[in-house]
Amino acid sequence: MTWPRTIAITGLGARQPGMPVVRALRKAGYPGRFIGLCYDPLEPGNYEPDMARSYLMPYPREGAGHYMAQLEEIHRTETIDVLVSTLDSELGMLSRSEPRLRELGIRSILPTPEQLASRSKVRLPELARRARLRVPETRIVYSFENAFECAVELGYPVVVKGQLYEAVVVRDPQQLDQAMARIASGWGLPVIVQRLIPGIEYDVVALGGRDGELLGAVSMKKLQLDAEGKAWGSISVADPELDELVRRAIKTLRWRGIFELELMRAYDDGKYYLIEINPRAPAWIYLSVAAGQNLPAALVHLAMGDQVEPLPPYTVGTLSLRQCIDLVCPASDYAALVTVGGVDKAAPGELPLPKWRSEP
Amino acid sequence: MARNGERVAPKRLITLTSEGFLLDGATGETYTLNATGIIIVRALLQGQDSREIWRDVHAACEVAERDARRDTDEFLAQLRVFELVEPAQ
């Protein structure tokens, strides 16, 4: 198997998948260097000792032109071999820019724009029909008035979702009004209104090869949730029914790269309902590594053009519990990132930092 | 209730430790069993039928046969409710 010399990685926020992917690649023995691409200088992954250098990127909403210009400039200095994208918000732009990435010699495994669109929250019911997957009743709404009508039709409580991020459970019209205002202003219209399925949450992370063949998949049950309902603790499980759902999803999508199925196993009928398909590695990806399938490493090998065989069976009953630590660094690192656009931990910053001690 | 001599099997991915920690590998649900529960699940994992199981309980726990049989039946019924066992092939 071939390793690149330099991998650029995104999603370096505390609850984003970037650092778990870095950890997974180190676990697989990746000997090269990591370059961080961030949108916010306070993303803690920028200051991880293992991040050789980090750069501030323009937001994808500013357009592919700005993003690619910055990336090309970084590439001239760093010679990026592989780019691993871990954020929904940039994937559309990167997917459309894949031909240019290839020209630059930056390898990546990205879904096509069509694949990305077909698993979007807005088109999930249509995909579910094609793949014979159950989804909660879903309405796509373009106005507040329409949202209120749909919520009454579906029956409260309902889940209100943004096109890319955020999901809020609302139990009455007043909560719906607040959720619509926040989500529509943050992520734009349309907004997704979905029937709430009370149940237990399961996720599956899977990897599709170059032709959309299934190379690996690890299922987990969520044991702990954070305030936004994201997995904070989980355990690997193996249910043949989940495996079948993944097979149907990947067969329909012909997905290239890592993706995540979010499912709810309903209390009332015990059946799995597909809630979302996320087009990238989830923040809990390291559980798959600990259980025995290093999907990020396989992704990088795919990007390098290696022949990747289906991954071995994984261990059921592997527990993952997230722990927070405070990452510390001198303000000069932060200063370098916000002024010259990059922080290089190999070269100490020039900001003189005074010492101080409170007198007793 | 289990019929006398009925054979049920634990689901394929059930794991039981000697201390009574039971993991359902399909759902991720976990349970802790008391000593009697351990005897019963261990016997199920060895492929015993319900008659053999309540006899084990009777012998190990020094309770009347009638009590051993009732408790075993009730426990097997609970395992069914939690979908931890299925009819043996």
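Is Thr27(B) buried or exposed? Thr27(B) is buried, with a relative accessible area of 6% (buried means under 20%, exposed over 50%, for a 1.4 Å probe and protein chains only). The model is predicted, with local features requiring pLDDT of at least 70 and side-chain atom pairs pLDDT 80 or more, while totals for chains, interfaces and linings use all residues. Residues are numbered from 1 along each chain as written, chains are lettered from A in the order written, and side-chain values use heavy atoms without hydrogens or water.

**View 1. Surroundings of Thr27(B).** Thr27(B) sits in the loop between β3 (21-24) and β4 (30-32) of chain B (strands are DSSP runs of E, at least two residues, and helices runs of H or I, at least four, numbered from the N terminus). Apart from neighbours within four places in sequence, Thr27(B) is in contact with Tyr202(A), Lys221(A), Val237(A) and Arg265(A) (contact: heavy atoms within 4.5 Å).

**View 2. The side chain of Thr27(B) and Glu29(B).** At 3.1 Å, the backbone nitrogen of Glu29(B) is reached by the side chain of Thr27(B).

**View 3. The second largest pocket.** This pocket holds about 920 Å³ of space (a pocket is an open set of points on a 1 Å grid over the protein atoms alone, where a 1.4 Å probe fits, with protein on both sides within 12 Å along at least five of seven lines; lining residues have an atom within 4 Å of a point; the volume is that filled by probe spheres set on the points). Its lining has 32 residues, and Ala14(A), Pro20(A), Arg23(A), Arg322(A) and Gln323(A) are the closest to the centre. α1(A) gives the most to the lining, with 5 residues.

Notes:
A polar contact is a pair of N or O atoms within 3.5 Å; within protein, one must be able to donate a hydrogen and the other to accept it, and residues adjacent in sequence count only if both atoms are side-chain atoms.
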